[in-house]
Amino acid sequence: MSKQWASSNNGAFKRQVSSFRETISKQHPIYKPAKGRYWLYVSLACPWAHRTLITRALKGLTSVIGCSVVHWHLDEKGWRFLDMGKQLGDENDFLEHWHDAAGGIKTAKDDTSTSFASIKNDSQRFMVDATNEPHYGYQRISDLYYKSDPQYSARFTVPVLWDLETQTIVNNESSDIIRILNSSAFDEFVGEKYKKVDLVPEHLKPEIDAFNSWVYDNINNGVYKTGFAEKAKVYESEATNVFEHLDKVEKILSEKYVDLKAKNGGVDGKQNIFAVGDQLTEADIRLYTTIIRFDPVYVQHFKCNFTTIRDGYPFTHLWLRNLYWNNDAFRYTTDFDHIKLHYTRSHTRINPLGITPLGPKPDILPL
Ligand SMILES: N[C@@H](CCC(=O)N[C@@H](CS)C(=O)NCC(=O)O)C(=O)O
């Protein structure tokens, strides 16, 4: 069985450091901004890749930077694409499940899944389980890593930001990629509306960086450290730590709520509470991709089960539902089927029988 994480001998989970860390800018000697030159390879299940999809949609870059989606099932050779030859097998799947509100990303279904039992790990539904790799017909994410660096010897992770011109990986670190997408590098290719979107405004940057830093360690990565702990003591201390930091988020958001209520009378479709400042920022995006997975997966699969977001954290829950239901960039990049199937079918060490729990129902509650 493949080991999808590296652990040290004290039973703690350690995340690998990303290896490709270039940027895209007019001043860069190689990677200059251009429409159609760069491509994103993502998994809809992966919270790190999900950050890049949300940012790409919010910045209006869906027709500037294309995107391929890997299959939700991660096997011993890593992530895979669908076979080119089988790509148009089922037109109905294509029509039913996909549209391009967020740039060709699969839509979330209104209904939650009623059964996962018939979905096989080798299911080939085009643009439902995955897309193909349209440029080279590659089968695997690993093919991109080897094309870029034949000596590459680390893990084949998503997201990957790829340059079609030099045929190399520009960057495989999501926190860098979202900064690249947010920079003004691609401004000339998007409409006025999108040029104004700044997810890391200068005056909030120190606060965003500070927020991201503790959220990353204790929440984004904290759930993985909890779920992949190989000793009970490690698990218990990591789980406790995750919930202490969810409490901290809840306190911040509840204070934001009080402020907003005093100013505008409350939260509605247009007016949400935000993690930092009073506008949507990168801090919300990075927190969202963990919180949206929390009740459907992390509670049971990673044993983060002191409570759920929906039951234990009313302000975080409100913030979450506002983002999901009122912002297409969040909603249409969130795929609960990929999320649930990936974790429960790929981590065979945690869930050896690969049975995917049906609940919670629904995946997300209405506003
Ligand atoms: N530091 C990376 C982490 C990415 C990451 O760990 N991705 C996981 C999926 S959630 C992955 O691709 N794992 C594949 C593997 O380890 O084989 C980032 O944020 O971009």
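Ala, Val, Leu, Ile, Met, Phe, Trp, Tyr, Cys and Pro count here as nonpolar, Asp, Glu, Lys and Arg as charged, and the others, Gly among them, as polar. On that scheme, the shell around the ligand splits into eight nonpolar, four polar and three charged residues.

This is a predicted model: local features need pLDDT of at least 70, side-chain atom pairs count only at pLDDT 80 or more, and totals for chains, interfaces and linings use all residues. Residues are numbered from 1 along each chain as its sequence is written, and side-chain values use heavy atoms, with hydrogens and water left out.

**The ligand site**

Which of the 15 residues around the ligand come nearest? They are R15, W79, R155, E173 and S174.

| Protein atom | Ligand atom | Distance |
|---|---|---|
| S174, polar side-chain atom | oxygen | 2.6 Å |
| E173, side-chain N or O atom | nitrogen | 2.7 Å |
| V158, polar backbone atom | oxygen | 2.9 Å |

On its own, the ligand has 520 Å² of accessible area, and the protein covers 91% of that. Accessible areas come from the Shrake-Rupley method with a 1.4 Å probe; for residues, only the protein chains shown count as cover.

**The chain**

The chain has 13 helices and six strands. These are DSSP runs, numbered from the N terminus: helices are H or I with at least four residues, strands E with at least two. Of its 367 residues, 58% count as buried, meaning under 20% relative accessible area (1.4 Å probe, protein chains only). The accessible surface comes to about 15,800 Å², and carbon and sulfur atoms hold 51% of it.

Strands β5 (residues 160-163) and β6 (residues 168-171) pair in the antiparallel sense over three bridges. Pairing requires at least two DSSP bridges. L161 stands opposite N171 in β6. Four residues separate the strands of this hairpin, and Q167 in the turn has a positive phi of about 55 degrees.

**D75**

D75 sits in the loop between β4 (66-69) and α2 (91-97). Is D75 buried or exposed? D75 counts as buried because its relative accessible area is 14%. A polar side-chain atom of D75 lies 2.9 Å from the backbone nitrogen of K77.

Definitions and conventions. A residue is near a molecule or strand if one of its heavy atoms lies within 4 Å of it. A polar contact is a pair of N or O atoms within 3.5 Å; within protein, one must be able to donate a hydrogen and the other to accept it, and residues adjacent in sequence count only if both atoms are side-chain atoms. Buried means under 20% relative accessible area, exposed over 50%, partly exposed in between (1.4 Å probe, protein chains only).
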